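This briefing describes a pair of protein chains and the contacts that hold a place in their description. The notes are grouped by topic, and each group can be followed alongside the sequence and the coordinates.

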Amino acid sequence: MRKDALLGQSEILVLIAVLRLGEEAYGVPISREISAEIGRDVAVAGIYSTLERLQRMGLVKSETGEPTAVRGGRARTYFTLTAEGLRQLRASQRILQRFWDGVPKLEGRRA
Amino acid sequence: MNRAPPGVALWCLTRLAGGESGEALIGDLLERFNAGETRAWFWRQTAAALAYALFRAVREHGSSFFGALAAVAAVLLVMWFVNPWITTEVISFQTHQMLEFDPHWTRRFGWGVVFFTLAIFQTCIWFAVVGGLAARIHHAHPRLIITVCTTLVFALHVPLLIHQVGNLMTHSRYLPAFSGTLAGALLAANAVLWCGLWVARRRMTSWKQGANSSP
């Protein structure tokens, strides 16, 4: 298991989206949340690729919901952060924050 | 009321973009499409899903994936040299031998048909071997590798097709040559596709039977 390793950009974005959405975290709102933040459409397959990786790393867990007609009879898969996922996300936040703290202000002059 | 998503895109997603969460992904795309996304959006997402499926296949089973492509390239290389030899030296020679015994003109057309049928048949066998081989070697994602090989085989015909379209623009006498090449490209791609799917299905059936018979 990785100890306080800095997660990748896509991993951090997906973990934060899952955290924000709480019990409603499945592919559609996760992709909308990330698209809204970064200002462009994202590939839903890319989000699932990241979620599969995070699941293998033990940072998220999934649960299958009920199939619905609007999804062609397919069930939703809901994701939640594990305790390890939350710990790693906080660790990544700390690493990035420490790193940014060492950078002079970007506004108005060259760093 | 639910709109109908692009059928071909959905077909591709169902068969090629599997993975651990294939069904959930398709469900999400349908949900967003029914919530108002456009058909172009659905196609973009399908293309991305297929690219991710291809990337996953290479990452997880890279050796068998590239092994299958190398085997396909080797067969096509051998075919490049052997196919014309079989067509001219064997089939054409035998046909002419037959004509010497049977010089009646009304039957010449019949022997011509026999010659062309055998020539096309043996060419299709080469491409069928390509599909079968790819499905056997990369059996983790047989449909994906067969689709890749089918696309490659068709793509190999594209430069010739473009050249012949150029000829066709100058004079209509090039129409038979263009039609022949197009028909050949479609036949070749279909031979790869159907033989590959047949081999993949046989392998899957035998694997299931083996799994059921094991204690």
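Leaving aside neighbours within four places in sequence, A:S31 is in contact with A:V42, A:V44 and A:I47 of its own chain and with B:R32 of chain B. This is a predicted model, and in it A:S31 lies in helix α2 of chain A, where it is buried at a relative accessible area of 1%. The side chain of A:S31 also reaches the backbone oxygen of A:V28, at 2.8 Å.

**Contact between the chains**

- The contact takes 23 residues from chain A and 25 residues from chain B, and the area buried between the two chains is about 2,000 Å², with carbon and sulfur atoms giving 47% of that area.
- On the side of chain A, the residues that lose the most area to chain B are A:E52, A:V70 and A:R74, which together account for 29% of what that side buries.
- Between chain A and chain B, 14 residue pairs are in polar contact, counting pairs in which both residues have pLDDT of 80 or more.
- The elements of chain A that each supply at least two residues of the side touching chain B are α2 (27-38), α3 (44-56) and β2 (74-81), and the largest share, seven residues, comes from α3(A).
- By class, that side of chain A has ten nonpolar, six polar and seven charged residues.

- Side chains of opposite charge can pair when their charged atoms come close.
- B:R32, which is in contact with A:S31, forms a salt bridge with A:D41, the closest N and O atoms being 3.8 Å apart.
- Because B:R32 lies in helix α2 of chain B and A:D41 in the loop between α2 and α3 of chain A, this pair joins two chains.

**Salt bridges within chain A**

- A:R20 forms a salt bridge with A:E33, the closest N and O atoms being 2.9 Å apart, and the pair links distant parts of the chain, with A:R20 in helix α1, A:E33 in helix α2 and the two residues 13 positions apart.
- A:E33 counts as partly exposed, with 21% relative accessibility.
- A:R20 also forms a salt bridge with A:E37, the closest N and O atoms being 3.1 Å apart.
- A:E37 lies in helix α2 and A:R20 in helix α1 of chain A, so this second pair ties together parts that are 17 residues apart in sequence.

**Nonpolar cores**

- The largest nonpolar core has 33 residues, of which A:L15, A:V18, A:I30, A:L51 and B:F42 touch the most other members.
- Elements of both chains each supply at least two residues of this core, namely α1, α2, α3 and β2 of chain A together with α1 (7-16), α2 (22-34) and α3 (39-60) of chain B.
- A:L51 touches A:V14, A:V18, A:I30, A:V60 and A:F79, when residues up to four places away in sequence are not counted.
- A second, separate core of 26 residues includes B:L16, B:W126, B:A134 and B:I146.

**Chain A as a whole**

- Chain A has four helices and two strands, and from the N terminus on its elements run α-α-α-β-β-α.
- Of the 111 residues of chain A, 40% count as buried, and the C-alpha trace spans about 55 × 35 × 20 Å along its principal axes.
- Among contacts in chain A with a separation of 6 or more, residues 24 or more positions apart account for 54%.
- A:E11, in helix α1 (residues 9-21), is a charged residue that is buried at a relative accessible area of 9%, and a polar atom of its side chain lies 2.7 Å from the backbone nitrogen of A:G8.

Note on methods
Residues numbered from 1 in each chain as written. Chains lettered and ligands numbered in written order. Predicted model: local features only at pLDDT ≥ 70, side-chain atom pairs only at ≥ 80, totals over all residues. Heavy atoms only, no water. Contact = heavy atoms within 4.5 Å. Buried area = accessible area lost by both parts, 1.4 Å probe. Polar contact = N/O pair within 3.5 Å; in protein donor to acceptor, adjacent residues only side chain to side chain. Buried < 20%, exposed > 50% of the residue type's maximum accessible area, 1.4 Å probe, protein only. Core = buried A, V, L, I, M, F, W, Y, C linked by side-chain atoms within 4.5 Å. Salt bridge = Lys/Arg side-chain N within 4 Å of Asp/Glu carboxyl O.
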